Amino acid sequence: MVNQHRPNCGAGWRWLYFVLLVAISHTSRTEASDDEWWQRTVFYQIYPRSFMDSDGDGVGDLRGITSRLAHLKDAGIGATWLSPIFLSPMVDFGYDIADYTAIQPEYGTMEDFEALLAEAERFGIKIILDFVPNHTSDQCEWFQRSVAREEPYTDYYVWHDGRVDPSTGNGTRLPPNNWQSVFYGSAWTLHPVRGQYYLHQFTAQQPDLNFRNPAVAEEMREVLRFWLRKGVAGFRIDAVNHLFEVEGFPDEPETGTDRDPLSYGFTHHIYTKDLLEGYDMVYQWRKLLDDWTQEHGGDSRIIMTEAYANITFTMKYYRSGEELQPRQGSHMPFNFLLITDLNRDSTAQDFVFTINKWLTYMPRNGATANWVLGNHDQPRVGTRYGPERIDAIHTLLLTLPGIAVTYYGEEIGMLDNPDAISSNGEGDSVTGGGDAFIVFSRDPERTPFQWDDTANAGFSTGPSTWLPVHPNYRRLNLAAEKRSDRSHYKTYQALVRLRAHETFRKGSIQLVPYSDSIVVYVRELQDTDTFVVVINLSCGTDRSVDLASVFPRLSPELTVASSGSESNYRTGDIVQSDKLVVGGYEGLVLQSTPLASRPRDRDAMPSTNLAVLWRTVKDAAVIASIIIALGSSYYGLPPWQTIGKWTARGSLKK
């Protein structure tokens, strides 16, 4: 009887196999979609104080940004996120917010912001706002009313009575535990009016909000709605992994590597960072934005999240772990690996490992990679990697799969100014000055944009600027680079144009450390152009590279599609794939002919279908589960026996 039924089961299997192939084809098209605006643009961070001053007070402002949007368009930028522009005492330059729905007066008015939105829309540029939910300013009305124990604000912040000091016997109180501020010292401050300690994971003037209070969560949702009504395209969420702390406030374990109990490195921050509730809040915010888009129409509103965390924690921001119906989270959990894991001493092997690390951990479906090269808290690219590598590193950034994020001024190769201490004391008050300034201050990477070689680099008509302009501005400025035949800016522009090619948008990537100093990778997409990127991290003598030995399917001759400002190659030059000569600190993009199409004849179809099936099985666990389930049913085996059987035959091994 069993043998009599097997032909029918086989026919059923073939029918299900056909249906499965159709389903696979449909799933691949939808889940691999990269047609959303945020997936195909370059993002640009503007630090408002330093971009453009319109009124001569030495501080950048909203009208200044509006007046310079043409530059973003010219550079190929599709969206810009603004560091905080909200009402603030400016202890941490806007990251201490007193009112989330008011504009800081030195930046302008709400009317100025609305004019910025309108002009940006005319240029086709999206505006993203910095959202700082973890804490407010101590000048915020919410905090003042919480200090006074006014309802409903009494528990808007994290308050604690503290511990009794056992050594005094007079009831003196100590902070509740050993938690430290990111900016040094205890994370607790005793408020003399309320008579309790309040938590601040950053400065004492930045008290942490209590997100375990539903009223606080709703307040922050309403802040998002306020700016969505204004027409913003999304939010960059600051310090998102600090939102929640463990209830009960236990001491954190010591690291044993830092003996200063007031230093942030003294403990492992297992009770104050990366808690599961923080991810849940991001999923809630994503749903709010998705619902808003569905209700009001238009392009997707997006979330970008900042969390300096390990790779496993960071990936959780993309979406929840549920396999059947995951909750969507951040469109862009910021990828800081090019900042935190690489520097001027890194080898080609380090670069390949670091890039593949993100691509390996990233969800296989429904997620887009992103690459952040700099920001307002980190040294500039030319300072971190060396000015001679600027073009090569930009070549890397703009040819990797996914989204590129650029910090203002990087497109022209601006450098840190180690002497950027403002004469009027407006510099980085959080990290201070003195002997430790160069190490800890963030001012060197926040200096005014260098527009031209006129006074104050064209940033301001005033007698001085809030931070001094870098003294190299007379030779390093946008106007000079636009006039020059070749420059950092023109290299950047060409790369931005090039990354719009379908291969860079949708193609695969294979990275290889050709030597200790040379990284090569191929970007491929069937039936269209293939590109090879060559990055030489070292100076030394010219190197000969045999690309054909690494990527055998390359055409013998390659066309230079992009080269650095100091390169011996020009766009359109023809080079040999088996004997390419690469100069020091070179960043090259080379174009090959389209990959050969796969066979289309009838005899080739079964193997082609099997190859498609196998590739999809590797990338989609759910499809593998379906196949295993079908196989189990056919052979009458429990799923785990089927897995063991297939594994024993080597069918599921790589």
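## Aromatic cluster and pairs

Five aromatic residues come together in one cluster: Phe131, Phe211, Phe235, Phe244 and Trp285. The model is predicted. Across the structure there are 33 aromatic pairs.

One of these pairs joins phenylalanine 143 and tryptophan 159. Two values describe a pair of aromatic rings: the distance of the centres and the angle of the planes. Here the ring centres are 5.7 Å apart, and the planes stand at 10° to each other. The pair counts as stacked, because the cut-off for stacking is under 30 degrees. Phenylalanine 143 belongs to helix α6 (residues 141-147). Tryptophan 159 belongs to strand β6 (residues 159-160).

## Arginines over rings

Two arginines lie over ring faces. Arginine 122 lies over the face of phenylalanine 123, 4.6 Å from the ring centre. Arginine 380 lies over the face of tyrosine 408, and there the distance to the ring centre is 4.7 Å.

## Helices α5 and α7

Packed helices are described by the angle between their axes and the distance between the axes. Helix α5 spans residues 110-123, and helix α7 spans residues 214-230. They pack at an angle of about 60°, and their axes are 10 Å apart. That angle makes α5 oblique to α7.

Which residues in α5 and α7 meet? From α5 come Met110, Phe113, Glu114 and Leu117. From α7 come Phe226, Trp227 and Lys230. The residues of this contact divide into 5 nonpolar and 2 charged, with no polar ones.

## Asparagine 210

Asparagine 210 sits in the loop between β10 (196-199) and α7. Is asparagine 210 buried or exposed? Its relative accessible area is 17%. Asparagine 210 is therefore buried, as the cut-off is under 20%.

Asparagine 210 and leucine 199 are 11 residues apart in sequence. In space, they are 9.4 Å apart, C-alpha to C-alpha. Neighbours within four places in sequence aside, asparagine 210 is in contact with Asp155, Tyr156, Tyr157, Val158 and Val216.

## The chain as a whole

The protein chain has 21 helices and 23 strands. It has 654 residues, and 54% of them count as buried. Take the contacts between residues at least 6 apart in sequence: 68% of these join residues at least 24 apart.

Key:
Residues numbered from 1 in each chain as written. Predicted model: local features only at pLDDT ≥ 70, side-chain atom pairs only at ≥ 80, totals over all residues. Heavy atoms only, no water. Axes fitted to C-alpha atoms, helices over the stretch in contact; angles between N-to-C directions. Helix = DSSP H or I, 4+ residues; strand = E, 2+ residues; numbered from the N terminus. Parallel < 35°, antiparallel > 145°, perpendicular 65-115°, else oblique. Contact = heavy atoms within 4.5 Å. Nonpolar A, V, L, I, M, F, W, Y, C, P; charged D, E, K, R; others polar. Phe/Tyr/Trp six-rings, centres within 6.5 Å; stacked < 30°, edge-to-face > 60°. Lys NZ or Arg CZ within 6 Å of the ring centre and 35° of its normal. Buried < 20%, exposed > 50% of the residue type's maximum accessible area, 1.4 Å probe, protein only.
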